[in-house]
Amino acid sequence: MRPERADDFAAIRALVAAAFDSDGEADLVEAIRASEQYIAEMSLIAEVGGEVVGHVMISRANLRSDGGDRPIVMLAPLAVEPSHQRAGIGSALVHAVTAVAGDRDEPLVVVEGDPAYYGRFGFEPAYEHGIEITVPDWAPREAGQVLRLAAYGASLTGLVVYPPAFDVFAEWAETPPPLRPKDGNRHVHRHDPIGRIDDFADVEIAGDAADDVGITPLEPELSHAIRSLCLERSICGF
Ligand SMILES: CC(C)(COP(=O)(O)OP(=O)(O)OC[C@H]1O[C@@H](n2cnc3c(N)ncnc32)[C@H](O)[C@@H]1OP(=O)(O)O)[C@@H](O)C(=O)NCCC(=O)NCCS
């Protein structure tokens, strides 16, 4: 593992898009990289045999309280190339990048994601520590998490405010993609990176719905309900 370099950028874009089955997160990586919130030292890649197969970013956000805005850091996104998943690469990246954050005397790292995954690294529900993270309305409150580091102090409370680079996701968070009946093909969706969505529903969530043929949009309430179920059962990473 090492910090990313300019000659990695194309490979990073490809692996992030493949991992999420979407260009959205790849766009996010590039938007963060182009912003003032980018921290090169905490944008790491994992290489196997000279190939870039994993990527993680920690970048700046703000913690807003009555006392004003205080800079903090957030982890997003994390991606491992599908054929290299479940080999410990994602875990190694999270351990490595949060260790760098600790070495830089960052007090905490926030993340939005599956508690079943991030909990193993010591992330805890942020609200338990007075830190509010606005998650999409289909996600459980526990999806907003915080890792408290050595420099943490209990006075660090408030609302996490994302920088403009994250606006790329605002519309998607408000209006989840529609669902569609199964078409017999196996799709690995970004909300089901480990392929267990088949367990519970006779539908699957379409990623880039507008580009797909044969989409049958369902009511937003149903879409929300399935996403909530999916997250409750810890089968989604988002
Ligand atoms: C999530 C992701 C980064 C994990 O990377 P990885 O290298 O496969 O993870 P590791 O090998 O370190 O850990 C695998 C473990 O995590 C679990 N896991 C993987 N993805 C998970 C998810 N989305 N939710 C819950 N658990 C998950 C696996 O069950 C496995 O546990 P086990 O070996 O005890 O069964 C990778 O699957 C990925 O890129 N997914 C698509 C993008 C994504 O969802 N990113 C995270 C959101 S920001």
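**Figure 1. The largest nonpolar core of the predicted model holds 46 residues.** A nonpolar core is a set of buried Ala, Val, Leu, Ile, Met, Phe, Trp, Tyr and Cys residues joined through C-beta atoms within 7 Å. A residue is buried if 20 or more other C-beta atoms lie within 10 Å of its own, exposed if 12 or fewer, and partly exposed in between, with C-beta atoms placed from the backbone. Ile58, Met74, Leu75, Val97, Val109 and Val110 have the most contacts inside this core. Strand β4 (residues 68–80) supplies the largest share of the core, eight residues. Helices (H or I, at least four residues) and strands (E, at least two) are DSSP runs, numbered from the N terminus. Residues are numbered from 1 along each chain as its sequence is written. This is a predicted model: local features need pLDDT of at least 70, side-chain atom pairs count only at pLDDT 80 or more, and totals for chains, interfaces and linings use all residues.

**Figure 2. Val97 and its contacts.** Val97 touches Met42, Leu44, Val56, Ile58 and Leu75, not counting residues up to four places away in sequence. Two residues are in contact if their C-beta atoms, placed from the backbone, lie within 7 Å. For the chain, residues 24 or more positions apart account for 69% of the contacts with a separation of 6 or more. Buried residues make up 35% of the 238 residues. The chain has six helices and eleven strands.

**Figure 3. Helix α1 (residues 9–20) crosses helix α2 (residues 24–33) at roughly 140 degrees.** Their axes come within 7 Å. Axes are lines fitted to C-alpha atoms, for helices over the stretch in contact, and angles run from 0 to 180 degrees between N-to-C directions. From α1, the contact uses Ile12, Arg13, Val16, Ala17 and Phe20. From α2, Gly24, Glu25, Ala26 and Val29 take part. By class, the contact has six nonpolar, one polar and two charged residues. Here Ala, Val, Leu, Ile, Met, Phe, Trp, Tyr, Cys and Pro count as nonpolar, Asp, Glu, Lys and Arg as charged, and the others, Gly among them, as polar.

**Figure 4. The buried residues of α2.** Glu25, Ala26, Leu28, Val29 and Ile32 are buried. They lie on the same side of α2, because they cover an arc of only 155 degrees around the axis. The arc is that of the directions from the helix axis to the C-beta atoms. The buried residues of α2 pack against α1, β3 (51–65) and β4.

**Figure 5. Val80 and Pro77 in strand β4.** Val80 counts as buried because it has 25 C-beta neighbours inside 10 Å. Leaving aside neighbours within four places in sequence, Val80 is in contact with Ala19, Val53, Gly54, Gln85, Ile89 and Gly90. Val80 and Val56 are 24 residues apart in sequence and 8.8 Å apart in space, C-alpha to C-alpha. A cis peptide bond joins Ala76 and Pro77, with omega about -15 degrees.

**Figure 6. Positive phi at Asp21 and Arg86.** Asp21 is found in the loop between α1 and α2. Its phi is about 55 degrees, although Asp21 is not a glycine. Asp21 counts as partly exposed because it has 18 C-beta neighbours inside 10 Å. Arg86 is found in the loop between β4 and α3 (89–103). Arg86 is not a glycine either, and its phi is about 65 degrees. Arg86 is exposed, with 11 other C-beta atoms within 10 Å.
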